Amino acid sequence: MNRALLPSIAAAAFIFVAGSANAATLDDVKAKGFVQCGVNTGLLGFGSPDDQGNWTGFDVDYCRAVAAAIFNDPQKVKFTPLSTAERFTALQSGEIDILSRNTTWTMARDTSLGLSFVGTTYYDGQGFMVRKSLGITSALELTGASICVQTGTTTELNMADFFRVNNMNYNPVVFEKLPEANAAYDSGRCDAYTTDSSGLYATRLVLTNPDEHVVLPEIISKEPLGPVVRQGDTQWFNIGKWVFFALINAEELGVTQANVEEMKSSENQDIRRLLGTDGTFGEGIGLTNDWAANVLKAVGNYGEIFEKNIGSGSKLGIARGLNALWSKGGIQYAPPVR
Amino acid sequence: MAIEESAPRPDKGYSLFYDPKVRGFVFQALMVVLLVALVSWIATNTYTNLRRANIASGFDFLGARSGFDISQTLISYTTDSTYFRAFLVGLLNTLLVAGLGVVLASVVGLLVGIARLSKNWLVAKLATIYVETLRNIPLLLLLLFWYKAVLSVLPSPRQSFTLPFGSFLSNRGLTLPATQFQPGAGWTLLAFIAAIVFVIGLAFWANRRRMATGKPFPTLWVSLVALIGFPIAVFYATGSPLNLNFPELRGFNFVGGFNIHPEFLALLLGLSLYTASFIAEVVRGGILAISNGQTEAAYALGFRPGRTLRLIIIPQALRVIIPPLTNQYLNLIKNSSLAVAIGYPDLVSVFSGTVMNQTGQAVEVIAITMGVYLLISLITSAFMNWFNSRIALKER
């Protein structure tokens, strides 16, 4: 059965491969000619195939950005759709090079799985969605509810804590894959559906009648979502980290997909360093000096990626909120290229 | 012996190298050494690789707090319980659905298998359609079909079908009144146990009397009265020491009562009806393997068709049926791991799903899960082999 297969293969990789190489991911990637990126099996706006079969979304664009930084070509990336249960094993075993799949950064995941989170690309929190017809307005009214949830998520744990702290009972219905959990909620098996609130908005749109459902106001947890790489390969970790920082810095400096070429000759030293006109910052992470310019030409800056996939330019229409730049009331902040 | 003494083996040309005993020993010893080396290489390799990748290893995680909830628990379980407890919950859920599935699949399979051989055209064709449809569709699709079917046919709790005895059927499952035993209920249990002992004794006595005198005894009816009537009489005599906790609709859902989840129903139905189609073919094959002369001889002795089947054909057919039946049972048990697709908290879903993800210890969790399935299957097949040898033709 293919569900059980991936962890088994990964387990086998640890058992039989003598001294599995976790160094120099960049060299491996360059040698094979593409980045293998783990994404969601289908979460609208974050990672899902469009009607032509092209992968699109917020998390997907990050993968394309990494590919553009290395190869100056955002198409040199292959996607591996992964369920929540498969994602970490796939990364640990070397099946994928980077995991960009709305994954919550927690201490245990960062320290005991042999993985490192490169940053928080999306500040999220867990919420609940219910049918309007239930007539409830708060998550505190969910006593006795059946709740659909995906297995192996922080969501599953937060929900347990929330109901315990508030002394309420509930009945979790746990699914391995997102589509199955959606379908069960849609068919009325559960009173409520819970995941990160970004995911709730995306899920609501694919339900039979989106207007019959409402997201409750409570946010019960901190869910910093971000890309993940294997521990122990500092160079690859730095690439992942700085591609993300470049996206944020570009938005802050006003560099967009459209104006990146003319910005190269800008008088602003911050912009010149970011785009590689001055300095040799790209070499420090094993890339060319115009790495960031290539990224921005390919996918645009952080704000552009956000608005196109999940913000005002998309069906989801999610407000920037916490994900606005620090200079605009949010908490997205990147160290400078210097 | 005399012959060997008279013709002693010549010493010339004898070499240890060609001694079959020595050779056998050497090769077996070599095999053992190789096996031990392989296992220890795998163990150290795994350990080193996990260490190098900074991934936690070992089995200490089993004692840590789980922190997640499980919808169906046969033993007490909270978020404060350990991962090991979660493992047990998953294991029991697997055993529950596999055990009931084996029973249900056997009953349905036996009936359908016999029906396929029926002289009634309609019955035989219906049974054929059942077998050919179910055994030719992948099980995963059948499970999803049953789950979707169960969910889409059934109404929400507020519009649920009301069944007799205060039970309700909705898309939250089958909600039954829960039984709460009061002090004194032990007498009823005791009466039931006494009735079982009595029935076993009665069967022995009736059998022996029949062997000796040929006189039949209505064992079935007397047993039924003893098994049902006696405990009920005791139950009322001790003042009905049982409370029923009726489910009642409050908020979204039923409060109180005992709930059988739709995931469980879908999995049980899907697994057992699917396996039953294979068992039906095994049963049909077993019956056809018995010579028609047996049936004719039974008819000639005046046996009616039902009795012929029960007393002459089935006992002989069982010998042919049991070995392939064991395969079907093993398949059913292993197939129960598809539960993960429809949200039933079985061993794979709870342990190699949630626990593996929360701890990240894939190697340990997968190894334990595989070991457990292996163990369950070995026990099942050991039992079936024992049963097979018991009913095998006794050659005297």
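These questions and answers walk through a predicted model with chains A and B.

Visitor: How many helices and strands are there in chain B?
Guide: Chain B has 396 residues, and 30% of them count as buried. Its secondary structure comprises twelve helices and eight strands.

Visitor: What distance separates the centres of domain 1 and domain 2 of chain B?
Guide: The domain assignment puts 15-48 of chain B in domain 1. Domain 2 is made of 83-177 + 246-391. Taken over C-alpha atoms, the two centres lie apart by 43 Å.

Visitor: Of the contacts in chain B with a separation of 6 or more, what percentage joins residues 24 or more positions apart?
Guide: The count takes in contacts with a separation of 6 or more.

Visitor: Which element gives the largest share of the side of chain A that touches chain B?
Guide: The contact joins 47 residues of chain A to 42 residues of chain B. Helices H1, H4, H6 and H7 and strand E10 of chain A each supply at least two residues of that side. The largest share is eight residues, and the element is H1(A).

Visitor: How many nonpolar residues does that side of chain A have?
Guide: By class, the side of chain A that touches chain B has eight charged and 18 polar residues. Its nonpolar residues number 21.

Visitor: Is A:Phe163 buried or exposed?
Guide: A:Phe163 sits in helix H6 of chain A. Beyond four places in sequence, its contacts are A:Met168, A:Asn169 and A:Tyr170. The cut-off for burial is 20 or more C-beta atoms within 10 Å. A:Phe163 has 21 such neighbours, so it counts as buried.

Visitor: How far apart in space are A:Phe163 and A:Thr143, C-alpha to C-alpha?
Guide: In sequence, A:Phe163 and A:Thr143 are 20 residues apart. In space, the C-alpha to C-alpha distance is 8.2 Å.

Visitor: Which residues have the most contacts inside the largest nonpolar core?
Guide: This core has 162 residues. Its largest share, 13 residues, comes from helix H8 of chain B. The residues with the most contacts inside the core are A:Val66 and A:Val295.

Key. Residues numbered from 1 in each chain as written. Chains lettered and ligands numbered in written order. Predicted model: local features only at pLDDT ≥ 70, side-chain atom pairs only at ≥ 80, totals over all residues. Domains from an automatic or database assignment. Contact = placed C-beta atoms within 7 Å. Helix = DSSP H or I, 4+ residues; strand = E, 2+ residues; numbered from the N terminus. Nonpolar A, V, L, I, M, F, W, Y, C, P; charged D, E, K, R; others polar. Buried ≥ 20, exposed ≤ 12 C-beta atoms within 10 Å, placed from the backbone. Core = buried A, V, L, I, M, F, W, Y, C linked by C-beta atoms within 7 Å.
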